[in-house]
Amino acid sequence: MHHWLKWLEREEWTKEGLPLDFPSQRPFYDLPIFRPYLDEFIISRGLWEPPSYYGKRFAVCITMDLDSFFTRKEYLRKLVWALRKHEPKMILASVYGLMRRNGDTDLEDYLEVYRKHKVRATFFVPFYLGYSQDPRDPLYSLTQKIAFDGRKYVLREVLLRIAEEGHEIGLHPSIPAAFDGERLKSEKLGLERMLDMEIVSLRQHWLMWHPQETPRLQTEAGFLYDSTFGFNRLPGFRAGTSYPFRFYKDSVLELPLILQEGTLLKGLSAGALGLSLKRAVELGKTILERIARVGGVAVILVHPSIRGSPESEERLRWLEALLSEAIHLGAVFMTIGEVGRFWQEHYESLWEEALGQVFQNLPLEQWNVWRFRTDREE
């Protein structure tokens, strides 16, 4: 699979202009990054039957990266870092964060949505070692208190309550940990000791990884499942597939990230698509339909915001619309770890065999992904 992924990384993914305000969504939605074209190709050639997940058409993994709880301690730590590094923009951002209302996130609102739709989600949590080498890293600790359920709770207690509801806790490593095996191991061990549970899943912060090094470091640290491989500023199928795969024979099982709210709803100044809520829902539904057709895994990412803010309300509405669509399409909601174990047990060897047949009979040089279309018409 690593030969395919190495070949796939091409300039078109980042240099091709994407329309930001389009009167007809069809040409936009037909761009290759919005299609699981590898899955569609193999199915259209009769080499693979769409999987079934406990009688359901496809699986959906809702994941949350708990990057911030907007507490004063976080902003103070960021301010200290900025002062030491003489970073004026970071100083101003930290001061602004200290002045505004903070410490009250919409985590409870998301949990209520999950209960309503009977979703078991995966929460990726950083483990703060007491220092940071990158200003983008989360700066809260599991021993500090946050507003939750009408009072102040130690964050560790909140995470344990979340786990008791059937959700999965995974690690959200610091940015340097993507390239530092010892730091990655330390953060995994620290989170496991703090929560007294085994941590088998992770997503690298800011989707940072090195294609050769990071999967190896993750495996050596004892992880089984990763969900980092995706786009920071775009939705879509970076690997051309919605199925779990391995970068190398013995590396962690990768569940590729397909959709996240920030890439759609954030403004153009943030490098995102800047779509309206209506367009963001349309694009999300289109991608879900295509994943359902091939029996794939839709990994969706959301982030906490300040409770009651316009940003929070818009993101929650987006997620609820996609959850309702997923149920309509016949999805089962599973955690990253649950899908990983299910795939290993039922489909991994069969999928690798199908991939082998494709790449043996159709060399990579003959693939023209940018103009690729399957024989199946929608």
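**Figure 1. Helices and strands of the predicted chain.** The protein chain, shown here as a predicted model, has 15 helices and twelve strands. Of its 378 residues, 57% count as buried, and the accessible surface of the chain comes to about 16,800 Å², with 50% of that area belonging to carbon and sulfur atoms. Among the contacts in the chain with a separation of 6 or more, 77% are accounted for by residues 24 or more positions apart.

**Figure 2. The nonpolar core around Tyr-114.** In soluble globular proteins, nonpolar side chains tend to be buried together. The largest nonpolar core of this model has 69 residues, and those with the most contacts inside it are Leu-107, Tyr-114, Phe-123 and Trp-318. Helix H12, which covers residues 277-294, gives the most to this core, with eight residues. When residues up to four places away in sequence are not counted, Tyr-114 touches Ile-62, Met-64, Val-119, Ala-121, Phe-123, His-167, Val-302 and Leu-319.

**Figure 3. The packing of helix H4 against helix H15.** Two packed helices are described by the angle between their axes and the distance between the axes. For helix H4 (residues 37-44) and helix H15 (residues 348-361), the angle is about 80° and the axes lie 11 Å apart. Because angles of 65 to 115 degrees count as roughly perpendicular, H4 is described as roughly perpendicular to H15. On the H4 side, Leu-38, Asp-39, Phe-41 and Ile-42 take part in the contact, and they meet Trp-351, Ala-354, Leu-355, Val-358 and Phe-359 of H15. Sorted by class, the residues of this contact are eight nonpolar, no polar and one charged.

**Figure 4. Tyr-54, a loop residue with a positive phi.** Most residues other than glycine have a negative phi. Tyr-54, although it is not a glycine, has a positive phi of about 55°. This tyrosine lies in the loop between H4 and strand E1, the strand formed by residues 58-65. Tyr-54 counts as exposed because its relative accessibility is 61%, where the cut-off for exposed is over 50%.

**Figure 5. Leu-207, a buried loop residue with a positive phi.** Leu-207 is not a glycine either, yet its phi is positive, at about 55°. Leu-207 is found in the loop between strand E6 (201-202) and helix H10 (213-220). With a relative accessible area of 10%, Leu-207 is buried, since buried means under 20%.

Notes:
Residues are numbered from 1 along each chain as its sequence is written. This is a predicted model: local features need pLDDT of at least 70, side-chain atom pairs count only at pLDDT 80 or more; totals for chains, interfaces and linings use all residues. Side-chain values use heavy atoms; hydrogens and water are left out. Axes are lines fitted to C-alpha atoms, for helices over the stretch in contact, and angles run from 0 to 180 degrees between N-to-C directions. Helices (H or I, at least four residues) and strands (E, at least two) are DSSP runs, numbered from the N terminus. Angles under 35 degrees count as roughly parallel, over 145 as roughly antiparallel, 65 to 115 as roughly perpendicular and the rest as oblique. Contact means heavy atoms within 4.5 Å. Ala, Val, Leu, Ile, Met, Phe, Trp, Tyr, Cys and Pro count as nonpolar, Asp, Glu, Lys and Arg as charged, and the others, Gly among them, as polar. Buried means under 20% relative accessible area, exposed over 50%, partly exposed in between (1.4 Å probe, protein chains only). Accessible areas come from the Shrake-Rupley method with a 1.4 Å probe; for residues, only the protein chains shown count as cover. A nonpolar core is a set of buried Ala, Val, Leu, Ile, Met, Phe, Trp, Tyr and Cys residues joined through side-chain atoms within 4.5 Å.
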